[in-house]
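Here is a quick walk through one model, starting with its inner space and working out to its sheets. Have the structure open as you read.

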Amino acid sequence: MKKLPFILFAVLLLSVACSTIDCSVDNIVATVYSLKKANGTADTLKDTLYVITRTVKGKDTVLLDKEVNATQFQLQIGYSNPEDTLRFIVKDALGGVFCDTAYIKKENKPQFESVDCKMNYFHTITGVRLTSHHAIDSIVIKKTAVNYDLSSEHFHIYFRANR
């Protein structure tokens, strides 16, 4: 009878130590941008593309660096502000530099999976607006739910043919 509390404690300890939740480091929350021509077919950007955002602490950070021949790319999405500001910078072969700023409005939703895993955020995209239109003609929302699924396109981005 004296061993019963010890046995119960051991069973409890083993049941807590084992977890069925797999906290994968590969689970990233990002948006997928597909480049499109005006007629809706796939496009390839021959120029060099950079995408920069501003952090909560007010510093610029590069999300995409020197992307060339892109037809699609992924960008991580912020979780602390209701709107992300993205600067798209395009450098052409002749040395021209074109810059546009996109504002991605979204709702941030904490995603709790287990006490063993870090907190992640899923998002619902509620709007997008674009300034200048120097390099980009438009950005269209195709899927509003942003989660671990990177197989779906969230945005179609239409670059201007003549910059």
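## The largest cavity

Thr 31, Tyr 33, Leu 75, Gln 76, Ile 77, Asp 84, Leu 86 and Ile 104 line the largest cavity. A cavity here is a set of points on a 1 Å grid over the protein atoms alone where a 1.4 Å probe fits but cannot get out, and lining residues have an atom within 4 Å of a point. This is a predicted model, in which local features need pLDDT of at least 70 and side-chain atom pairs count only at pLDDT 80 or more, while totals for chains, interfaces and linings use all residues. Residues are numbered from 1 along each chain as its sequence is written, and side-chain values use heavy atoms, with hydrogens and water left out.

The space inside comes to about 50 Å³, volume being what is filled by probe spheres set on the grid points, which are joined across faces, edges and corners. The structure holds one cavity of 30 Å³ or more. S1, S4 and strand S5 (83-91) each supply at least two of the lining residues; strands are DSSP runs of E, at least two residues long, numbered from the N terminus. By class, the lining has five nonpolar, two polar and one charged residues (nonpolar: Ala, Val, Leu, Ile, Met, Phe, Trp, Tyr, Cys and Pro; charged: Asp, Glu, Lys and Arg; polar: the others, Gly among them).

## Tyr 33 and its rings

Tyr 33 also turns up among the aromatics. The structure holds five aromatic pairs, meaning rings of Phe, Tyr or Trp (its six-membered ring) with centres within 6.5 Å; planes under 30 degrees apart count as stacked, over 60 as edge-to-face and the rest as tilted. Tyr 33 and Phe 73 have ring centres 5.2 Å apart and planes at 10 degrees, so they are stacked. Since Tyr 33 sits in strand S1 and Phe 73 in strand S4, the pair ties together parts 40 residues apart in sequence.

Buried or exposed, where does Tyr 33 fall? Tyr 33 counts as buried at 1% relative accessibility, and so does Phe 73 at 4% (buried is under 20% relative accessible area, exposed over 50%, partly exposed in between, with a 1.4 Å probe and protein chains only). Tyr 33 also stacks with Phe 155, at 4.7 Å centre to centre and 20 degrees between the planes. That pair links strand S1 to strand S10, 122 residues apart. Phe 155 is buried too, with a relative accessible area of 0%. Tyr 33, Phe 73, Phe 88 and Phe 155 form one aromatic cluster.

## The four-stranded sheet

Four strands make an open, mixed sheet in the order S4-S1-S10-S8; two strands pair if DSSP finds at least two bridges between them. Strand S4 (72-76) and strand S8 (136-141) are at the edges with a single partner each, so one side of each has no neighbour in the sheet. Strand S1 (residues 30-35) runs parallel to strand S10 (residues 155-159) over three bridges, and Tyr 33 has Phe 155 as its bridge partner.

## The six-stranded sheet

The other sheet is open and antiparallel, ordered S3-S2-S5-S6-S7-S9. Its edge strands are strand S3 (60-67) and strand S9 (145-146), each pairing on one side only. Five bridges join strand S2 (residues 48-54) to S3, with Thr 53 partnered by Thr 61. S2 and S3 form a hairpin with five residues between them, and Gly 58 in the turn has a positive phi of about 85 degrees.

Technical notes
1 Å grid on protein atoms, 1.4 Å probe; cavity = no way out; pocket = protein on both sides within 12 Å on 5 of 7 lines; lining within 4 Å.
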